[in-house]
Amino acid sequence: QHLVTVIAAQHVTNSDVGDGTTREERLTAVRQLLSPFGARLEELAADTLVMTLRQGSAHEARDQAEQAARGALLLHDQFPHAHIAVVTGKKTSQARLQTGPTVDRALLLLSQWDSMRDGPSGEAPALLLDEVTAGLVETVLDVRGLDSGALAIFPEQPRTDRTRPLLGKPTPFIGRDHDIAALESTLASCVGEPMSRLVLICAE
């Protein structure tokens, strides 16, 4: 079943714009980043907006959620004082973006921002996530759990550990010493001979 990813933001105001660019120019940069995913933006109020990415096919869910999170991070860069949430849910037949259960969940998450804003080291998050979105992006973005139980992305830093965490917590790679030794031995043979070898790695 196809999914929809919603970016909801509050306090997207001109007061954050201080380098000569307009609010609309900054929003255009976010639209351009997300346009390949069919992103549509609607303003609910003067400082509140909703942007929705509608999935074209089942295999795009992870890419869609990741791009939505990156778009939300860009929105945070453009409007540092904005409150931003990213939520993923089932696609509905609603004609307008500003209604539907996924939008409602995103707005509910935003309403809890003040009680969830402090991170593990005291810094404020860039945006809040629901568990579905967090599960889709946690291998490529810095997803952390807050003391309140919420999940958040903090200002982006590249991940050097590409192992899949579980809701923001790393899972150790254990019990593979024999397999790693076999791979290292095969690599050494290829380098020393030199010759090519085929190695098949199967996940369990």
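## Ground rules

Because the model is predicted, local features need pLDDT of at least 70 and side-chain atom pairs count only at pLDDT 80 or more, while totals for chains, interfaces and linings use all residues. Residues are numbered from 1 along each chain as its sequence is written, and side-chain values use heavy atoms, with hydrogens and water left out.

## The overall picture

The protein has six helices and seven strands. These are DSSP runs numbered from the N terminus, with helices being H or I of at least four residues and strands being E of at least two. Read from the N terminus, the order is β-α-β-β-α-β-α-α-β-α-β-β-α.

Of the 204 residues, 40% are buried. Here buried means under 20% relative accessible area, exposed means over 50%, and partly exposed sits in between (1.4 Å probe, protein chains only). The accessible surface comes to about 11,500 Å², and carbon and sulfur atoms own 53% of that. Those areas come from the Shrake-Rupley method with a 1.4 Å probe, and for residues only the protein chains shown count as cover. As for contacts (heavy atoms within 4.5 Å), take the ones between residues at least 6 apart in sequence: 65% of them join residues at least 24 apart.

Helix H1 spans residues 23-34, so to speak 12 residues, and reaches 17 Å from its first C-alpha to its last, close to the expected 16 Å. That expectation is 1.5 Å times one less than the number of residues. Arg23, Arg26, Leu27, Val30 and Leu34 are the buried residues of H1. Seen down the axis of H1, they fall within an arc of 100°, so they line one face of the helix. The arc is taken over the directions from the helix axis to the C-beta atoms. Their cover includes strands E1 (3-10), E2 (40-45) and E3 (48-54), plus helix H2 (61-78).

Helix H3 (residues 101-111) buries Thr102, Val103, Ala106, Leu109 and Leu110. They cover an arc of only 120° around the axis, which puts them on the same side of H3.

## Strand E3 and its partners

E3 is mostly covered, with six of its seven residues buried. E3 runs antiparallel to E1, and six bridges join the two. E2 also pairs with E3 in the antiparallel sense, over five bridges; strands pair if DSSP finds at least two bridges between them. A hairpin takes the chain from E2 to E3 through two residues.

Valine 50 in E3 is a handy place to look: alanine 8 has valine 50 as its bridge partner, and glutamate 42 stands opposite valine 50 too.

## Two threonines

Threonine 88 is found in strand E4 (residues 83-90) and counts as buried, at 2% relative accessibility. Its side chain makes a polar contact of 3.2 Å with the side chain of threonine 5. (A polar contact is a pair of N or O atoms within 3.5 Å; within protein, one must be able to donate a hydrogen and the other to accept it, and residues adjacent in sequence count only if both atoms are side-chain atoms.) Leaving aside neighbours within four places in sequence, the contacts of threonine 88 include Leu3, Ala65, Thr102, Asp130 and Leu136.

Threonine 13 lies in the loop between E1 and H1 and is partly exposed, with a relative accessible area of 24%. Not counting residues up to four places away in sequence, threonine 13 touches Arg23, Asp47 and Phe79. The C-alpha atoms of threonine 13 and alanine 82 are separated by 7.9 Å, although the two are 69 residues apart along the chain.
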